[in-house]
Amino acid sequence: MKLKIIHLEDSVMKHIAISRVIGKMAQVDWVTDMASGIEKIDFSIENGTPYDLAITDMHYSLSPGTRADWEAGNLFIDAVNQNYNNLPVIICSTHNVKNPKAYGSVWFSDLNDWENELKALLYSMNNFKALDKKEPWKRGDINEKKDKGALQRFWANYFNIEKGIYEQL
């Protein structure tokens, strides 16, 4: 079963790049402003098909037709934490920023291996539905907030045990 992800991003090129990385493991709905994102989240909950994850940039419009706002990403994360506390948020921004209320953060830059960082965050999620039946990331020992080396150990073990799945992504 694929993850259902809402992606808040105003750059077409960045959305395409991120979708390419996660496309085979997720259904991605794309919006370019915060109001549309909140509306889609509400609609998905009302229809009984809630999102599993939100991926957000940090700089985009608050509503359709308005200028991009530097606080949009933080405002979105705050809104999600106040109203949809079961929805994890991953920041994927060209600005190397962190927010303690977000599940994780990826610096979208050619200077960084952002693709593998994003995949690692997806695999570390407890509710990730595996492409295979073994689901090694659901072992329960991967919690990057408690253990900074958990993801590195996970990937080292993953490549030794599950070689081949990573290439399918």
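How many residues does helix 3 have, and how far does it reach from its first C-alpha to its last? Select residues 72–83 to find out: helix 3 has 12 residues and reaches 16 Å, close to the 16 Å expected at 1.5 Å a residue. Keep in mind as you go that this is a predicted model.

**Helix 3, the buried side**

Stay on this helix and show the side chains. Ala72, Gly73, Phe76, Ile77, Ala79 and Val80 are buried. They lie on the same side of helix 3, because they cover an arc of only 160 degrees around the axis. An α-helix has 3.6 residues a turn, so residues three or four places apart point the same way.

Now bring up what those buried residues pack against: helix 2 (34–46), together with strand 1 (3–8), strand 3 (53–56), strand 4 (60–61), strand 5 (68–69) and strand 6 (89–93).

Five of them form an open sheet with parallel pairing, in the order 2-1-3-6-7. Strand 2 (26–31) and strand 7 (104–107) stand at the edges with a single partner strand each, so one side of each has no neighbour in the sheet. From one strand to the next, the twist averages 20 degrees.

Zoom in on strand 3 and strand 6, which pair in the parallel sense over three bridges. Click Ile55, then look for its bridge partner in strand 6, Ile90.

**Helices on the sheet**

Select helix 2 again: it packs on the sheet, touching strand 1 and strand 2, and its direction makes about 160 degrees with that of strand 1.

Notes: Residues numbered from 1 in each chain as written. Predicted model: local features only at pLDDT ≥ 70, side-chain atom pairs only at ≥ 80, totals over all residues. Heavy atoms only, no water. Helix = DSSP H or I, 4+ residues; strand = E, 2+ residues; numbered from the N terminus. Expected span 1.5 Å × (residues − 1). Buried < 20%, exposed > 50% of the residue type's maximum accessible area, 1.4 Å probe, protein only. Arc of directions from axis to C-beta. Contact = heavy atoms within 4.5 Å. Pairing = 2+ DSSP bridges. Axes fitted to C-alpha atoms, helices over the stretch in contact; angles between N-to-C directions.
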